[in-house]
Amino acid sequence: MTAESEGSAGVPAVRRPLRASDADREAVVEQLREATAEGRLDLEELDERLGLALGAKTVAELEPLTEDLLPQPMFGPAAGEPLVLKGGMHSAQRTGKWRVPARIVAHGGMGGVRIDFTQAEVRVREIEVEVYGEMAGVIIVVPEGWAVDADGVDPGMGGFRNRTSGERLPGAPLLRIVGTGGMAGVVVRHPNRWERRKLRRALES
C-alpha cells in the first residue's frame, strides 16, 4: 500500500473533496451569464444555477453546473475556430483561467464584452482580436509586457483607447486588434489596482 493511500497509523487515507475558491465560483457564474446571453439558458435556469454556484463548497458541486454549456475554463474552441463573444442583453466575459485561441471576435452588443488575459493560458505568439464596440463597448485587459498593435482599428464614434505601456517583454504575445469602436468604443489596458489585488489573492489560494 502506498503512502498516498495509507495514513500515518496504517489506516487508509480518505481523499477529501477539493474545496472551491471564490475564483472558482466566480468563473462558473461568468460562464452561466455568458450562456444566458447566448440563449443557452433561460432566466429561470440561470437563477437556479447561480444559487447553486454561489452556495457550492467543493469543485465537484460546481462542475455539473456548466458541463452541458461551454467547455471548462482551461479549454477553448476547437483548433482553428475563433472564440466568439457577444454582449447581447447581458455582458459576456472571458476571465480567470482559460485557453486562448489564435483569433477572438467580440461584439459589445448592449451588455458589453470584457476579455481578461491576465490568468489565461496562451500557447500562441500572436492573437488577433476582432472588436465591434457597438452600444456597450469592449474592454481588453492584458498583462504587463504584452505588445498591442491596433493599427487596424477604426475608432468609430466611441473611440479606441490604448492604455498599455507599449513595452514588450521577450517572448510575450502580440495582441493584434482590428475592427471598430462603434458607439461605446474599445479600451485595452493593464490590470487596475483592484484587479491586481484580486489576481494576487487567486495566485495565493
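**Reading a predicted model, one feature at a time**

Author: Let's start with R123, which is exposed, with a relative accessible area of 62%. Exposed means over 50% relative accessible area, buried means under 20%, and partly exposed is in between (1.4 Å probe, protein chains only). This is a predicted model, where local features need pLDDT of at least 70 and side-chain atom pairs count only at pLDDT 80 or more, while totals for chains, interfaces and linings use all residues. Residues are numbered from 1 along each chain as its sequence is written, and side-chain values use heavy atoms, with hydrogens and water left out.

Reader: Which residue forms a salt bridge with R123?

Author: In general, side chains of opposite charge can pair when their charged atoms come close. A salt bridge here is a side-chain nitrogen of Lys or Arg within 4 Å of a carboxyl oxygen of Asp or Glu. The partner of R123 is E121, with the closest N and O atoms 2.5 Å apart.

Reader: How many salt bridges does the structure hold?

Author: There are 11 of them. One joins the side chains of E195 and R114, at 2.6 Å from N to O. That pair links distant parts of the chain: E195 sits in helix α4 (residues 193-204) and R114 in strand β5 (residues 113-116), 81 residues apart. Helices (H or I, at least four residues) and strands (E, at least two) are DSSP runs, numbered from the N terminus.

Reader: What else does E195 meet in a salt bridge?

Author: The side chain of R189, at 2.7 Å from N to O. Through shared partners, salt bridges join R114, D116, R189 and E195 into one network. R189 counts as buried at 15% relative accessibility, and E195 does too, at 9%. R114 is also buried.

Reader: How many residues does α1 have?

Author: You check a helix by comparing its reach with an expected span, which is 1.5 Å times one less than its number of residues. α1 has 16 residues and reaches 23 Å from first C-alpha to last, close to the 22 Å expected. Its buried residues pack against α2 (43-55), α3, β1 (83-86) and β2 (92-94). Just after the helix, G39 takes a positive phi of about 85°.

Reader: Where is T36, and what does it touch?

Author: T36 belongs to α1, residues 22-37, and counts as buried because its relative accessibility is 10%. Contact means heavy atoms within 4.5 Å. Leaving out residues up to four places away in sequence, T36 touches L41, L43 and L46. A polar atom of the T36 side chain also lies 2.9 Å from the backbone oxygen of L32.

Reader: Is L62 buried or exposed?

Author: L62 is buried, at 4% relative accessible area, and lies in helix α3 (residues 59-62). L62 and D24 are 38 residues apart in sequence but 8.1 Å apart in space, C-alpha to C-alpha. Not counting residues up to four places away in sequence, L62 touches A20, D24, R25, V28, A53 and A56.

Reader: Where is T58, and what does it touch?

Author: T58 is in the loop between α2 and α3. At 12% relative accessibility, T58 counts as buried.

Conventions. Polar contact = N/O pair within 3.5 Å; in protein donor to acceptor, adjacent residues only side chain to side chain.
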